[in-house]
Amino acid sequence: MDTIRIVELPVPAPGTSIPAGTRPPAVYQAWHDIFAESMVEILGHDDFADPPAALAAGYADQKHTRKTLLLAVTTTARDRAVAAGVEAAAAVTDPADAITDPADAITDPATVLGYAAVSMPLTDNTHLAHVDLAVRPAARRRGIGGALWREVERRARAAGRSAVTTWSSHASEAPEGAGALVPPTGAGRIATDDPATRFALAHGFSLEQGERQSTLRLPVDPSLLAGWRAEAEAAAGGDYRVVQWQDRTPERWLDALAELQRRMSVDVPVAGLDFQEEVWDAARVRDMDEDIARAGQRYVLTAVEHVPTGSLVAFTHLVMPQAQPEVVFQYNTLVHGDHRGRRLGLLVKAANLQLLAAAQPAARRVHTWNAGENAHMLAINVRMGFVLASIEGAWQRRLDVAGATSAPAEITSHVGTDGATADGPLAAAPTGTAA
Ligand SMILES: CC(C)(COP(=O)(O)OP(=O)(O)OC[C@H]1O[C@@H](n2cnc3c(N)ncnc32)[C@H](O)[C@@H]1OP(=O)(O)O)[C@@H](O)C(=O)NCCC(=O)NCCS
């Protein structure tokens, strides 16, 4: 019988990237494959699975978040690692060992059966850890998920983190009734008879929030976009001016966008998730530009300038992974609280879709995530044609309260988020980046 060991993948050098057209190291292929297999099983598609090169670039980027990738590896791969002299054997009960040269030690992605990607914020929210955990469908119910979770929990405690968050994906909202778990917000129903739900509950997580994942099919009729934009510009009046850019924030807007990103972190509805205000400055905005580029992605961003004050008061951000030219992710959307009710949410979203159509005509769908209780953002999205596609559960495991001791538990992941507009928001990918 195979022995399965948990190993830590060393972090690549800063700025590491895998050139397009070259075969990615097996470990990053495995990370991608496992997530993609899990998503296909639940949702029927793998749009949310970052390509291996993007995962490698993201892992190398450790500036604002300490990231750790734990892999559940069969003895086959492990034996290769030992034979190659890069690592000594260790049991699953002592999983902290690292493979020093993953590209050589693991050559077959199929020998990696599961992963846990742990993110610990360094710039703010230093009390939190986030985990994205998945096991190959063919390797489930053998304790691999639980073994990964125990190592995540051990590390989160050792780092002094007081809570761990994670997301689970579900094809649809559960019917009302005894088989549905409802978060304290009252918005969203997650099926109890579901592997992720059972796993999360078995490991001490509580369901804090339900998120609606919606998809907009492209192209949107250009006359509709122009009509929404004209309507919104008329409602907003002459004090507001659209400002747009792609891929790199203009110097003059770095501070203004940093301020909007900071506000985003406190304005979105986070329910009982223990998210605290994020710390943003011009350098972090530039870091985000560079992280997106290194991950093989481009972006379009539309903001609104309040002309009398020269400040930015609204923005929305769409990110396009170049390896998946049909796929677009909605990142943050925010209208400053002092400027809501003037159709600025509709304005930025319509104008950004116009820019997207010009920048990436091959785009066929935009995916967005909204807290179920974020009525204002959802209303705009529904009006524009976003259709509910799946449900996510936002889970939190407290490490600092009695009763939440060590049992096993788990997690999932994701990407962008649609934030507040005329009132509301979304649960942000806690890393503050795309995820
Ligand atoms: C959730 C997941 C990680 C579990 O992985 P796993 O290797 O099967 O986990 P384990 O074998 O350690 O199972 C731990 C417990 O989870 C629960 N569980 C997992 N799958 C289950 C299922 N199909 N039915 C009932 N309970 C299940 C059980 O409590 C199980 O304990 P048991 O086998 O003693 O009954 C896996 O199903 C997965 O990758 N799903 C897709 C990604 C995901 O949802 N991640 C977690 C988000 S919270």
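This is a predicted model: local features need pLDDT of at least 70, side-chain atom pairs count only at pLDDT 80 or more; totals for chains, interfaces and linings use all residues.
Modeller: Local features here need pLDDT of at least 70 and side-chain atom pairs 80 or more, while totals for chains, interfaces and linings use all residues. Residues are numbered from 1 along each chain as its sequence is written, and side-chain values use heavy atoms, without hydrogens and water.

Biologist: Why is H10 called oblique to H11?

Modeller: The axes of helix H10 (residues 344-359) and helix H11 (residues 375-384) come within 10 Å and cross at roughly 40°. Angles under 35 degrees count as roughly parallel, over 145 as roughly antiparallel, 65 to 115 as roughly perpendicular and the rest as oblique, so H10 is oblique to H11.

Biologist: Which residues of H10 and H11 make the contact?

Modeller: With contact meaning heavy atoms within 4.5 Å, H10 gives Gly 345, Leu 346, Lys 349, Ala 350 and Leu 353, and H11 gives Met 377, Ile 380, Asn 381, Arg 383 and Met 384.

Biologist: What makes S1 and S9 edge strands?

Modeller: The open sheet has 12 strands in the order S1-S2-S3-S4-S5-S14-S8-S13-S12-S11-S10-S9, with mixed pairing. Strand S1 (4-9) and strand S9 (240-246) each pair on one side only. The twist averages 25° from one strand to the next.

Biologist: How do you know that S12 and S13 pair?

Modeller: Two strands pair if DSSP finds at least two bridges between them. Strand S12 (residues 327-335) and strand S13 (residues 365-371) have 3 bridges, in the parallel sense. In one of the bridges, Val 327 has Arg 365 of S13 as its partner.

Conventions. Axes are lines fitted to C-alpha atoms, for helices over the stretch in contact, and angles run from 0 to 180 degrees between N-to-C directions. Helices (H or I, at least four residues) and strands (E, at least two) are DSSP runs, numbered from the N terminus.
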